[in-house]
Amino acid sequence: MFTGVIITVAVVVVAAALFAGLGRGSGGRGLKRRFGPEYDRAVARHDGNTKAAERELDERVNRHGSLKEQPLPPAAREQYVAQWATIQEQFVDSPQNAVTEADAVLARLAKDRGFPDGEPFEEQAAAISVHHADHVWGYRRVHTAVPGQGGTEEMREALVEARGLFDALITEQSADSDRRRQKSRDDRGQAPWTLGRRHTKGSDTR
């Protein structure tokens, strides 16, 4: 009987050790799967130090993972959709004003959905990255483009990428969110910056 107890204890200890090892081994993979390009960005920010990057991402999850996105009232949703349509139209004649307004609209929309208010920007972006990691890069690109350091093509690309986050935030999170997001895109039609490549005033010729 004593031998049986020893064997049982040994099995439990080995199993616990294996479980702990798997947990550590899958932690980085789990974060990379959850954050996608945001994981690579964090690693680059830490000069290739994956452990430091993973600590930062773990901290984001701990800080913002329990955030519950708030639903948008129908009237607010319609207003945001109209604002984004105006931004797209404005881009043809005034790219800089369009990306500035896009940055402001995304900040307000994220706040209305329950994210931090955007002051400072990185705190809001970090919270968004936990829930919309695939789209937060577009928001960052628009925010960076606001000072006007990039050319017209860079601003166009930033606005195109930011549209992904806008669609994600404007769409209620539910089982059929992907289907409704696609319908939302179809309803609003194609963005005018396909024409902006040829007709935007002052566009770069690089």
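**Notes on an all-helix model**

1. Start with helix 6. Its buried residues are Phe121, Gln124, Ala125, Ala126, Ala127, Ile128, Ser129 and Val130. In other words, eight of the eleven residues of helix 6 are buried, so this helix is largely enclosed by the rest of the structure. Keep in mind that this is a predicted model.

2. Now the overall plan. The protein has ten helices and zero strands. Read along the sequence, the pattern is α-α-α-α-α-α-α-α-α-α. The protein has 206 residues, and 38% of them count as buried. Look also at contacts between residues at least 6 apart in sequence: 64% of these join residues at least 24 apart.

3. Helix 6 has a partner in helix 3. How do helix 3 and helix 6 pack? Their angle is about 90°, and their axes are 9 Å apart. An angle of 65 to 115 degrees counts as roughly perpendicular, so helix 3 is roughly perpendicular to helix 6. On the helix 3 side, the contact uses Arg60, Val61, Arg63 and His64. On the helix 6 side, it uses Glu123, Ala126, Ala127, Ser129, Val130 and His131. Sorted by class, this contact of helix 3 with helix 6 has four nonpolar, three polar and three charged residues. Ala126, Ala127, Ser129 and Val130 also belong to the buried set of helix 6.

4. Stay with helix 3, which covers residues 50–64. Glu56 is found there. Is Glu56 buried or exposed? Its relative accessible area is 17%, so Glu56 is buried; the cut-off for buried is under 20%. Which residues does Glu56 touch, leaving aside neighbours within four places in sequence? They are Arg45 and His46.

5. Asp47 is found in the loop between helix 2 (37–45) and helix 3. Asp47 has a positive phi of about 55°, although it is not a glycine. Most residues other than glycine have a negative phi. Asp47 has a relative accessible area of 75%, so this residue is exposed.

6. Helix 5 spans residues 95–112, and helix 7 spans residues 136–145. They pack at an angle of about 130°, with axes 8 Å apart. Helix 5 and helix 7 are therefore oblique to each other. The crossing of helix 5 past helix 7 is left-handed. From helix 5, the residues in contact are Gln96, Val99, Ala102, Asp103, Leu106 and Ala107. From helix 7, they are Tyr139, Val142, His143 and Ala145. By class, the contact of helix 5 with helix 7 has seven nonpolar, two polar and one charged residues.

7. Turn to the aromatic rings. How many aromatic pairs does a search of the whole structure find? It finds two. One joins Trp84 and Phe166: the ring centres are 4.6 Å apart and the planes lie at 15°, so the pair is stacked. Trp84 is in helix 4 (residues 74–93) and Phe166 is in helix 8 (residues 152–170). These two residues are 82 residues apart, and their pair links distant parts of the chain. Trp84 has 1% relative accessibility, so it counts as buried. Phe166 has 0%, so it counts as buried too.

8. The other pair is Phe121 with Tyr139. Their ring centres are 5.0 Å apart and their planes are at 70°, so this pair is edge-to-face. Phe121 lies in helix 6 and Tyr139 in helix 7, so the pair ties together parts that are 18 residues apart in sequence. Phe121 counts as buried because its relative accessibility is 14%. Tyr139 counts as buried because its relative accessibility is 2%.

9. What is the relative accessible area of Asp167? The value is 1%, so Asp167 is buried. Compare its position with that of His135. Asp167 and His135 are 32 residues apart in sequence. In space, the two are 9.4 Å apart, C-alpha to C-alpha.

Notes. Residues are numbered from 1 along each chain as its sequence is written. This is a predicted model: local features need pLDDT of at least 70, side-chain atom pairs count only at pLDDT 80 or more; totals for chains, interfaces and linings use all residues. Side-chain values use heavy atoms; hydrogens and water are left out. Axes are lines fitted to C-alpha atoms, for helices over the stretch in contact, and angles run from 0 to 180 degrees between N-to-C directions. Helices (H or I, at least four residues) and strands (E, at least two) are DSSP runs, numbered from the N terminus. Angles under 35 degrees count as roughly parallel, over 145 as roughly antiparallel, 65 to 115 as roughly perpendicular and the rest as oblique. A crossing is left-handed if the near helix is turned anticlockwise from the far one by less than a right angle, and right-handed if clockwise. Contact means heavy atoms within 4.5 Å. Ala, Val, Leu, Ile, Met, Phe, Trp, Tyr, Cys and Pro count as nonpolar, Asp, Glu, Lys and Arg as charged, and the others, Gly among them, as polar. Rings of Phe, Tyr and Trp (its six-membered ring) pair if their centres lie within 6.5 Å; planes under 30 degrees apart count as stacked, over 60 as edge-to-face and the rest as tilted. Buried means under 20% relative accessible area, exposed over 50%, partly exposed in between (1.4 Å probe, protein chains only).
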